[in-house]
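This report examines selected local features of one protein chain. Please consult the sequence and the three-dimensional view shown here before reading on.

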Amino acid sequence: MLRFKPLTAAFLGAALIAQPVGALAKDDKEFVVVNEEMGVPVFPYDITDKPYKIVGPVKAGVRKATIFSKEPSQKKIYKEVWERGRKMDADAVINVTYGDSHISAFSWGKTNALGFAIRFLTDEEIAAGVTGDTAPDPANYTEEMFKSANKKPK
């Protein structure tokens, strides 16, 4: 029993030092939201408990390295979507949808994902009466909506 104590102490020490994923987010945000399963603020649904403004549409594609490579995981797709949303200064990306991979002229397989980058309203904006937006439902997505995807607002 004594020889297991150092190992147990090491695990406990590591657990105390490690921070939860949500704690790694920026401290200057009033409302931090992270998809705990994926580790990024990307969701396949709308967020209804906090008002937000739509920053813009997000479009991402994840390619397979070879024809024998595995399909990209949901986690990998969401991380790519979040990279695009983060560059748009978004707080989260919502209503994300993606399909099966398809072979193209430049890829052995590519999975496209679509969603909407959002920024949460501050307490001051809410107090001033600013109303939030509602993102389109993925069932109603059109190509036209995503022509200006991944552009940082001016």
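The sections below treat a helix, a strand residue, a loop residue, the aromatic pairs and the salt bridges of this predicted model.

**Helix α2 and its end**

Helix α2 covers residues 74–87, 14 residues in all, and its first and last C-alpha atoms are 20 Å apart, close to the 20 Å expected at 1.5 Å a residue. Its buried residues are Ile77, Tyr78, Val81, Trp82 and Gly85. Viewed down the axis of α2, these buried residues fall within an arc of 135°, so they line one face of the helix. An α-helix has 3.6 residues a turn, so residues three or four places apart point the same way.

Arginine 84 counts as partly exposed because its relative accessibility of 25% lies between the limits of 20% and 50%. Glutamate 80 is likewise partly exposed, with a relative accessible area of 25%. Just after α2, aspartate 89 adopts a positive phi of about 60°.

**Threonine 111 in strand β4**

Threonine 111 belongs to strand β4, which comprises residues 107–120. Its relative accessible area is 2%, and threonine 111 is therefore buried. Leaving aside residues up to four places away in sequence, threonine 111 touches Ala60, Gly61, Val62, Glu71, Pro72, Ile77, Tyr98, Gly99, Asp100 and Ser101. One of these contacts, Ile77, is also among the buried residues of α2.

**Aspartate 91 in a loop**

Is aspartate 91 buried or exposed? Aspartate 91 is buried, with a relative accessible area of 12%, although it lies in the loop between α2 and β2 (92–98). A polar atom of its side chain lies 2.8 Å from the backbone nitrogen of phenylalanine 120. Phenylalanine 120 falls within the residue range of strand β4, 107–120.

**Aromatic pairs**

The model contains five aromatic pairs. In one of them, the ring centres of phenylalanine 43 and tyrosine 45 are 5.4 Å apart and the planes meet at 50°, so the pair is tilted. Elsewhere, Phe116, Tyr141 and Phe146 make up one aromatic cluster.

**Salt bridges**

Side chains of opposite charge can pair when their charged atoms come close. The whole structure has five salt bridges, including those tabulated here.

| Aspartate 133 | Lysine 53 | 3.6 Å |

Aspartate 133 is partly exposed, with a relative accessible area of 29%. Lysine 53 is partly exposed as well, at 32%.

Technical notes: Residues are numbered from 1 along each chain as its sequence is written. This is a predicted model: local features need pLDDT of at least 70, side-chain atom pairs count only at pLDDT 80 or more; totals for chains, interfaces and linings use all residues. Side-chain values use heavy atoms; hydrogens and water are left out. Helices (H or I, at least four residues) and strands (E, at least two) are DSSP runs, numbered from the N terminus. Buried means under 20% relative accessible area, exposed over 50%, partly exposed in between (1.4 Å probe, protein chains only). Contact means heavy atoms within 4.5 Å. The expected span of a helix is 1.5 Å times one less than its number of residues. The arc is that of the directions from the helix axis to the C-beta atoms. Rings of Phe, Tyr and Trp (its six-membered ring) pair if their centres lie within 6.5 Å; planes under 30 degrees apart count as stacked, over 60 as edge-to-face and the rest as tilted. A polar contact is a pair of N or O atoms within 3.5 Å; within protein, one must be able to donate a hydrogen and the other to accept it, and residues adjacent in sequence count only if both atoms are side-chain atoms. A salt bridge is a side-chain nitrogen of Lys or Arg within 4 Å of a carboxyl oxygen of Asp or Glu.
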